[in-house]
Amino acid sequence: MRVTGADLVDLSGELTEITLTWTDSPTSVGSPVSFNQANHLAAHAAATSNPVWIAGTVELGDSAGPPPNPQHIADVVRQVVAEQEALRLRFSWTPEPRQHVLDPTHLRTGLVTHGQADTADIVALINSRCHPQVSPGICFALVGRTLLCAFDHAHADALTVDIILRRLHLLSTNTSAQAAAPPGFVGRCVADAADVDRFRTPDGCDDTETIERLAGWRNFFTETGGKVPTFPLPLGDVPANTPQRTLVRTVLSADDAGAIDAGLFATVLADLASVIEDLGGPSRLAALIPLHTRGQRDSGWHDTAGWMVTNAPVLVDAGDRAGARSSLRAAIDLARVPLPIVLERCAPQLPSGDIFMISYLDYRKLGPRLPGAQHISACSTADDVQIWFSRSEDGLDVRVRHPATPGATGVVDAVIERLTDRLRARAVDTSTAVAAG
């Protein structure tokens, strides 16, 4: 999976949109939304807000063979949307956001040929379809042999893109590939809301484990001066509504990533902390990392689309790989406290609109390589730095989203260049030591 942005992707070809229309009203109404959905929907209550979507592409068939049959792909899309409750949601603000589920039997698909299109045309199409005010805010299309899916963020997280692409690709080649529908996303939101309510009861936060976890969160915010951490190097002047810049780099080849292998994310964090210290930043890196909340593979939620992500804190000293591993293990435990409870009990300040975070996802663990697969994020404005590391069969890549200003660009480029050099040198040293041993 190549993780990139709409400002860097290259899509062009004959564009055929697979339209989705609903012949009746939702059959399930007024369900609570998740914490992430609520924040997103509150920010996009106005139809004029900038769309924030995520998309994916996968290549269908061999270039020497016949092109995909659009009607067959429309049938595949109808089946996938019917399977995934998160793709059949409408939203309302009353005034708090609520979600309403559409019945799959009310779905009708159609085909609209838009002719030859380029990236700008396709991004414009996604922008018009993927917004919570146009719900369900989802879009499917064929661009030549490339199958595109796109979702307003309220419908999907990063793992959702992989889940949907895999199912689309499988059904496009094997229409008899039946599978039990995964658990419904809305039911998970209801359960999570009940869990938050339980924490708010007199005894909800008084058990020993929760007290200790909240103490861990408080210690983290003590380290950050009572604030949600920001990128630890100065970015210079960042005016309001500054457009984002997306940086995508290959950090390690497959061989180099394999040489480090075990504890790769911990190594990345420790070396990133060293680079930041070398450039005049603090010797301890404080950041939030996103963690999916689908549980272990046997939990049943691994094939469910939706936005099931929480955040957890990490504190990493420069060069301390063992400490980084310990911090990552602790983060998984601290993530057991729902974020609304953390914010209520710890009350950290939020100094920027964006959240400085560092993400890591190993796509090799999700299934076989998908041909030509890409994860594409919309472009918007930015006032802080967000970093995604992705591991695949090709190695380790990084995508960075940051303000498109000269100061921020210079700092981010320097950080990623030095981190790449440091990790590659470490891989060489590790390979040499193994060969000598």
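I start with the open sheet of 3 strands, ordered β3-β6-β5, with antiparallel pairing. The edge positions belong to β3 (28–32) and β5 (89–93), each with a single partner strand, so one side of each has no neighbour in the sheet. On average, neighbouring strands here are turned by 35 degrees against each other, direction ignored.

Some ground rules before going on. This is a predicted model, where local features need pLDDT of at least 70 and side-chain atom pairs count only at pLDDT 80 or more, while totals for chains, interfaces and linings use all residues. Residues are numbered from 1 along each chain as its sequence is written, and side-chain values use heavy atoms, with hydrogens and water left out.

As for terms, helices (H or I, at least four residues) and strands (E, at least two) are DSSP runs, numbered from the N terminus. Two strands pair if DSSP finds at least two bridges between them. Axes are lines fitted to C-alpha atoms, for helices over the stretch in contact, and angles run from 0 to 180 degrees between N-to-C directions.

Back to the sheet. β3 and β6 run antiparallel and are joined by 3 bridges. Within β6, glutamine 99 is the residue opposite serine 31. Helix α1 (residues 35–43) lies across β5 and β6, at about 65 degrees to β5.

Is histidine 106 buried or exposed? Histidine 106 counts as buried because its relative accessibility is 16%; the cut-offs are under 20% relative accessible area for buried, over 50% for exposed and partly exposed in between, with a 1.4 Å probe and protein chains only. Leaving aside residues up to four places away in sequence, histidine 106 touches Thr21, Trp22, Thr23, Asp24, Ser25 and Thr27, where contact means heavy atoms within 4.5 Å.

Now the other sheet. This open sheet has 7 strands in the order β1-β14-β4-β9-β8-β2-β7, and its pairing is mixed. β1 and β7 are the edge strands, each pairing on one side only. Helix α2 lies across β2 (13–22), β7, β8 (138–143) and β9 (146–152), running at about 130 degrees to β7.

Strand β14 deserves a moment. With strand β1 (residues 2–5), β14 pairs in the parallel sense over 4 bridges. Threonine 4 has isoleucine 376 as its bridge partner in β14, and valine 3 stands opposite histidine 375. With β4, β14 runs antiparallel, again over 4 bridges, and there glycine 56 has histidine 375 as its bridge partner. Which way do the side chains of β14 (residues 374–377) point? Gln374 and Ile376 point one way, His375 and Ser377 the other way, and all are buried.

Next, helix α10 (residues 339–346). Its buried residues are Leu339, Pro340, Ile341, Val342 and Cys346. The cover over them includes α1, α5 (185–199), α6 (208–223) and β12 (309–317). After α10 comes alanine 347, with a positive phi near 50 degrees.

On a 1 Å grid over the protein atoms alone, a cavity is a set of points where a 1.4 Å probe fits but cannot get out, and a pocket is an open set with protein on both sides within 12 Å along at least five of seven lines; lining residues have an atom within 4 Å of a point. How many cavities of 30 Å³ or more does a search of the whole structure find? The search finds 2.

The largest cavity has a volume of about 80 Å³, and its lining has 5 nonpolar, 1 polar and 5 charged residues. Arg166 and Tyr363 are among the residues that line it.

The second largest cavity has a volume of about 40 Å³. Its lining includes Trp53, Ile122 and Ile376. β4 (53–59) and α3 (119–129) are the elements that give two or more residues to this lining, and α3 has the largest share, 4 residues. By class the lining has 10 nonpolar, 1 polar and no charged residues.

Notes. Points joined across faces, edges and corners; volume = space filled by probe spheres on them. Nonpolar A, V, L, I, M, F, W, Y, C, P; charged D, E, K, R; others polar.
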